[in-house]
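Please open the structure in your viewer and keep the selection tool at hand.

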Amino acid sequence: MTQPNTRVARGIPEPSFPTPGSGHDLTRSRRRAQPEVRSLSRGPTEQSRDRCGAWRSLESLACQQLLCLPVGAPPAPAMLSALARPASAALRRSFSTSAQNNAKVAVLGASGGIGQPLSLLLKNSPLVSRLTLYDIAHTPGVAADLSHIETKAVVKGYLGPEQLPDCLKGCDVVVIPAGVPRKPGMTRDDLFNTNATIVATLAAACAQHCPEAMICIIANPVNSTIPITAEVFKKHGVYNPSKIFGVTTLDIVRANTFVADLKGLDPARVNVPVIGGHAGKTIIPLISQCTPKVDFPQDQLTALTGRIQEAGTEVVKAKAGAGSATLSMAYAGARFVFSLVDAMNGKEGVVECSFVNSQETECTYFSTPLLLGKKGIEKNLGIGQVSSFEEKMISDAIPELKASIKKGEDFVKTLK
């Protein structure tokens, strides 16, 4: 005997069960209402939020249908599958919005404190189809661990210098977090002697085996390791200034967070450009250009700026010798890579700050907001209008930046 439809009997409209992609379509419609220029604060969590929103919509509707079933009626298989797990194949396909979501990414230094969480975030992205991991130890284990995650990126680990060429072949993007971390009392310049050699060696391998790839340098001191990378590529005759990036994104992430905390704002909707370099007083947050507009008394502004500049030291001290900023750096690195891949895939209006070859100041390298495109840097958006306080910070940073840049360039001259 047919069970009565209790929803109709109570005058409740009969819901139509959505296809797996419909929640995502709603999310995309909301996103299209936002400004075209990508907020500097939007990063690797953007797609994750979309997926969570789509999944919650689908799950909620499935639960509503399940609760409204007549007593004793079996739930439809579609309802059960919707309540199973968000990583189902159909739903994953609905999140992959472009046929170009097939970036081949390498992480050099993948077994370290930054490399492992960075690799996890990259593995979790639908933008990445192949993830190759390199280090001098433990990469087979890291790769095996990540390979069990139910996302499409194929993961493979490479161990030692003899396997580095195979790791790099065919890569679209190479991220280099390799190097020793800061310890209490150390400056980024204290890292120079060790990390300079590591970065020069890895940059030479990239120049030989994936010269067209986008190179993203996380290894500190970035103010010197970017000039090192550029000079190595020049030596190999494959230098393209539009494809070599110093990842300073953590400075922007911190500035957004600290401003939001002080003003009671959502940090995901705060956008503070940070220019200059990636160490101490060369880190120049442009609070005057913050979106939304914020104002601080001068004493509070000075303290806020100092905290942004010394935030890395804050983490080093808090970890009491056990490491430096690894998790937040992995997040920032992933955000930059996702922005870069989005732009390479043809997405318009993608803007990120990065320490790159520049003509914006008398320094040959300087971080400013960049419009990213299919071939790397599409346009340097420059410094823009700044306050007198910020103008003085820029002036004060120039001598230190010049010295760090020269130090990196001189180092490469000593290499055989």
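Predicted model: local features only at pLDDT ≥ 70, side-chain atom pairs only at ≥ 80, totals over all residues.

On the side of H10, the contact is made by Asn223, Ser224, Pro227, Ile228, Glu231, Val232 and Lys235. H15 contributes Leu401, Ser404, Ile405, Lys407, Gly408, Glu409, Phe411 and Val412. Colouring by class gives seven nonpolar, four polar and four charged residues in this contact. As background, an α-helix has 3.6 residues a turn, so residues three or four places apart point the same way.

Keep Ile228 selected and turn to the largest nonpolar core, which has 49 residues. Ile228 is among the members that touch the most others, together with Leu108, Leu168, Val174, Ile176, Cys206 and Ile215. Which elements supply at least two residues each to this core? They are E1, helix H8 (164–168), E4, helix H9 (192–209), strand E5 (214–217), H10, E10 and H15. In soluble globular proteins, nonpolar side chains tend to be buried together.

Now move to helix H6 (residues 115–123) and select its buried residues: Gly115, Pro117, Leu118, Ser119, Leu122 and Lys123. What covers them? The cover includes strand E1 (103–108), strand E2 (128–135), H7, strand E3 (154–159), strand E4 (173–176) and helix H14 (327–344).

From that cover, select H7 (residues 139–147) and find alanine 143 within the helix. Is alanine 143 buried or exposed? Its relative accessibility is 5%, and therefore alanine 143 counts as buried, the cut-off being under 20%. Leaving aside neighbours within four places in sequence, its contacts are Leu133, Val155, Lys156 and Gly157. Draw a distance between the C-alpha atoms of alanine 143 and leucine 133: the value is 6.9 Å, and the two residues are 10 apart in sequence.

Finally, select strand E10 (residues 365–373) and strand E11 (residues 376–380). These strands run antiparallel and are joined by four bridges. How many residues form the hairpin link between E10 and E11? The hairpin passes through two residues. To end the tour, select glycine 373, whose bridge partner in E11 is glycine 376.

Notes
Residues numbered from 1 in each chain as written. Heavy atoms only, no water. Pairing = 2+ DSSP bridges. Buried < 20%, exposed > 50% of the residue type's maximum accessible area, 1.4 Å probe, protein only. Contact = heavy atoms within 4.5 Å. Nonpolar A, V, L, I, M, F, W, Y, C, P; charged D, E, K, R; others polar. Core = buried A, V, L, I, M, F, W, Y, C linked by side-chain atoms within 4.5 Å.
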